[in-house]
Amino acid sequence: MGIDLDWEEAGLELEGKEWQKRINSKDDDRIVIDCRNLYESQKGTFQDALPLGTEAFSESWDKLDVLTKDIPRNKPSYIFCTGGIRCVKVGAYLKQS
């Protein structure tokens, strides 16, 4: 990865109802990122979510760079994973890189 990240600066954690409201909106000015591994994403994901397609979380940084290279950093991003820690790390990376 090559940069030090502040895990406290990873974005907001949303309650379930607010998450559903935001990702179900027809707002084209948002991105939904599935930061789970490929085998998890293949089980099911949210509509319009962009999976990273990784075999291991350590591959996430390069995949994120490619996935978001043409997306403005101020574009609303909604990130999900299975347990929460990958979301924090991906959120911090997107917010601080």
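**Aromatic rings and their burial**

User: Is tryptophan 61 buried or exposed?
Analyst: Tryptophan 61 has a relative accessible area of 11%. Buried means under 20% relative accessible area, exposed over 50% and partly exposed in between, with a 1.4 Å probe and protein chains only. Tryptophan 61 is therefore buried.

User: What kind of model is this?
Analyst: Residues are numbered from 1 along each chain as its sequence is written, and side-chain values use heavy atoms, leaving out hydrogens and water. Local features need pLDDT of at least 70 and side-chain atom pairs count only at pLDDT 80 or more, while totals for chains, interfaces and linings use all residues, since the model is predicted.

User: How many aromatic pairs are there?
Analyst: Rings of Phe, Tyr and Trp (its six-membered ring) pair if their centres lie within 6.5 Å; planes under 30 degrees apart count as stacked, over 60 as edge-to-face and the rest as tilted. By this rule the count is six.

User: What is the geometry of the phenylalanine 46 and phenylalanine 80 pair?
Analyst: The ring centres of phenylalanine 46 and phenylalanine 80 are 4.7 Å apart. Their planes stand at 90°, so the pair is edge-to-face.

User: How many residues apart are phenylalanine 46 and phenylalanine 80?
Analyst: Phenylalanine 46 is in the loop between α2 (38–41) and β2 (50–51). Phenylalanine 80 is in strand β3 (residues 77–80). Helices (H or I, at least four residues) and strands (E, at least two) are DSSP runs, numbered from the N terminus. The pair links distant parts of the chain, and its separation in residues is 34.
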